[in-house]
Amino acid sequence: MPRGRTRDELAHQRILDATFELVGAGDPGQVGVNDIAEAAGVAKQTIYRWWPSRTAVILDALVVGTMRATPFRESDDLRADFEAHLRAVIRLFNSPTGALVRELVGESQRDPAIAEEFRERFWAPRRALSIERLRRGVEHGWIRDDLDIETVLDAIYGPLWLRLMIGHRRLRPADARAVVDAIWPGIAVSES
């Protein structure tokens, strides 16, 4: 066992990893707690000790797995960083995991508890990362300081979420550049 990690921490991580792999491999709606327990090599009771429901463990796995799947690089080219991040989000949304995200958003429309969990555990950490990147851009003089950061993020990510949820247009990797090209002139500090 690696030094500094307890057996519980290792089991916890195995459960999250197994859950993310299971929901990303096929129909997320068919993944049950028994499937997760078997794939992680733990008892079903172990899962219920840490999570109150199937949705809760899937949501945690989704948070951890999607953060790994959509890294946000940090360079001196913020525009390129956002474009690369959007491409990673598009890949994720086009995977079976994207179907799970869509399912959770749908469930959140019917269940306020799921909606709150989704916003706090999935949406907020990802949003905070993007806010931090834009604030860094403001501090470096790359992004205008008179803009509402929340509105800018809605403009950047909105097209991807709209296409995921409505399905009116397919998400393609080239859309990352198209979104950035459309938005960046309005948020970047002009070089005059």
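Analyst: Of the 192 residues of the protein chain, 43% count as buried, where buried means under 20% relative accessible area, exposed means over 50% and partly exposed lies in between (1.4 Å probe, protein chains only). The model is predicted: local features need pLDDT of at least 70, side-chain atom pairs count only at pLDDT 80 or more, and totals for chains, interfaces and linings use all residues. Residues are numbered from 1 along each chain as its sequence is written, and side-chain values use heavy atoms, with hydrogens and water left out.

The protein chain has 9 helices and 0 strands; helices (H or I, at least four residues) and strands (E, at least two) are DSSP runs, numbered from the N terminus. The C-alpha atoms fill a box of roughly 65 × 45 × 30 Å, taken along the principal axes.

Rolling a probe the size of a water molecule over the atoms shows where empty space is left. On a 1 Å grid over the protein atoms alone, a cavity is a set of points where a 1.4 Å probe fits but cannot get out, and lining residues have an atom within 4 Å of a point. Grid points are joined across faces, edges and corners, and a volume is the space filled by probe spheres set on the points. By this rule there is 1 cavity of 30 Å³ or more, and the largest cavity holds about 210 Å³ of space.

Its lining consists of 16 residues, with Arg126, Arg127, Ser130, Tyr157 and Trp161 nearest the centre. Helices H5 (78-93), H7 and H8 each supply at least two lining residues, and H7 gives the largest share, 6 residues. The lining divides into 11 nonpolar, 3 polar and 2 charged residues; Ala, Val, Leu, Ile, Met, Phe, Trp, Tyr, Cys and Pro count as nonpolar, Asp, Glu, Lys and Arg as charged, and the others, Gly among them, as polar.

Helix H7 (residues 112-139) also meets helix H4 (residues 54-69): their axes come within 10 Å and cross at roughly 10°. H4 is therefore roughly parallel to H7, a term for angles under 35 degrees. Residues making this contact (heavy atoms within 4.5 Å) include Leu59 and Val63 of H4 and Phe118, Phe122 and Arg126 of H7.

Helix H8 (residues 149-166) contains Arg163, which is buried, with a relative accessible area of 16%. Not counting residues up to four places away in sequence, Arg163 touches His168, Arg169, Arg170, Leu171 and Asp175.

Methods: Axes are lines fitted to C-alpha atoms, for helices over the stretch in contact, and angles run from 0 to 180 degrees between N-to-C directions. Angles under 35 degrees count as roughly parallel, over 145 as roughly antiparallel, 65 to 115 as roughly perpendicular and the rest as oblique. On a 1 Å grid over the protein atoms alone, a cavity is a set of points where a 1.4 Å probe fits but cannot get out, and a pocket is an open set with protein on both sides within 12 Å along at least five of seven lines; lining residues have an atom within 4 Å of a point.
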